[in-house]
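Q: I would like to learn how to read the features of a protein model. Please take them one at a time.

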Amino acid sequence: RIVQVRELENNPNINAGRGSVLTSNETVEMEACIMDGNTKKCGTVSGVTTVVNAISLARLVMEKTFHIYLGFDGAEAFAREQGVEMIETSHFITPENVDRLKQGKEANRVHVCSMSFLLM
């Protein structure tokens with residue numbers, strides 16, 4: 001199942017990963033959450049800006065730490081420590097998500113973003 005979430009994160013037409021909603025500063029801050037229903041273990045990351053697949057990092061939080069959540073600089077540092085695939089932030093910014101932000105600003109409306117999550 002995590003493979004399917006990664007595919008969605010890599011699709012620029014989906015509101016996750018590469019197609020994420022931009023912040024008002026035209027940057028990307030991604031989140032992901034995963035939970036194992038049998039063990040009740042979970043892992044969550046937020047504020048990641050260079051991790052190619054946030055769901056993979058969330059899984060590592062669940063499997064390799066005693067934490068359930070890592071955010072922003074701590075999540076990015078953990079990703080580097082774990083050898084997670086990372087890329088320049090410009091990879092996540094597409095003409096479509098720039099247009100969505102522009103339209104939202106012009107209409108004085110907020111585009112609600114969704115968190116990627118996976119229950120195992």
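A: Start with the surface. Accessible areas come from the Shrake-Rupley method with a 1.4 Å probe, and for residues only the protein chains shown count as cover. Here the accessible surface of the protein chain is about 7100 Å², and carbon and sulfur atoms hold 53% of that surface.

Q: What kind of model is this, and how are its residues numbered?

A: This is a predicted model, in which local features need pLDDT of at least 70 and side-chain atom pairs count only at pLDDT 80 or more, while totals for chains, interfaces and linings use all residues. Residues are numbered from 1 along each chain as its sequence is written, and side-chain values use heavy atoms, with hydrogens and water left out.

Q: How many helices and strands does the protein chain have?

A: Helices (H or I, at least four residues) and strands (E, at least two) are DSSP runs, numbered from the N terminus. The protein chain has four helices and four strands. In sequence order the pattern is α-β-β-α-β-α-α-β.

Q: How do I judge the overall size of the protein chain?

A: The radius of gyration is taken over C-alpha atoms, and the globule rule is 2.2 Å times the number of residues to the power 0.38. For 120 residues a compact globule would have a radius of gyration near 14 Å, and the protein chain agrees because its value is 14 Å. Along the principal axes, the C-alpha trace spans about 45 × 25 × 20 Å.

Q: How much of the protein chain is buried?

A: The classes rest on relative accessible area: buried means under 20%, exposed means over 50%, and partly exposed lies in between (1.4 Å probe, protein chains only). Buried residues make up 38% of the 120 residues.

Q: What do contacts say about the fold?

A: A contact means heavy atoms within 4.5 Å. Among contacts in the protein chain with a separation of 6 or more, 60% are between residues 24 or more positions apart.

Q: Which residues does Leu70 touch, not counting those up to four places away in sequence?

A: Leu70 touches Thr44, Val45, Ser46, Val61, Ala75 and Phe78. Leu70 is in strand S3 and counts as buried because its relative accessibility is 15%.

Q: Can you give another pair of C-alpha atoms?

A: Take Lys105, found in helix H4 (residues 95-107). The C-alpha atoms of Lys105 and Ile34, 71 residues apart along the chain, are separated by 32 Å. Lys105 counts as partly exposed, at 48% relative accessibility.

Q: Which residues make the nonpolar surface patch of about 310 Å²?

A: Patches are made of residues with over 30% relative accessible area and no salt bridge; like charges are joined within 9 Å, and nonpolar side chains (Val, Leu, Ile, Met, Phe, Trp, Tyr) within 5 Å. The patch here is made by Ile68, Tyr69 and Phe72. Tyr69 lies in strand S3 (residues 69-71) and is partly exposed, at 43% relative accessible area. Phe72 is in helix H3 (residues 72-82) and is partly exposed as well, at 41%.

Q: How many salt bridges does a search of the whole structure find?

A: A salt bridge is a side-chain nitrogen of Lys or Arg within 4 Å of a carboxyl oxygen of Asp or Glu. The search finds one. Arg59 pairs with Glu63, and their closest N and O atoms are 2.9 Å apart. The two are separated by about one helical turn, because they are four residues apart in helix H2 (residues 54-64). Arg59 is partly exposed at 25%, and Glu63 is partly exposed at 44%.

Q: How many disulfides are there in the whole structure?

A: A disulfide is a covalent bond between the sulfur atoms of two cysteines. The cut-off used is a pair of cysteine sulfur atoms within 2.5 Å. The search finds zero disulfides. Cys33 is in none, and its nearest cysteine sulfur, that of Cys42, is 5.8 Å away. Cys33 is partly exposed, with a relative accessible area of 21%.

Q: What should I look for in the backbone angle phi?

A: Most residues other than glycine have a negative phi. Glu26 is not a glycine, yet has a positive phi of about 60°. Glu26 sits in the loop between helix H1 (2-10) and strand S1 (30-35), and is partly exposed at 42% relative accessible area. Phe72, also not a glycine, has a positive phi of about 50°.
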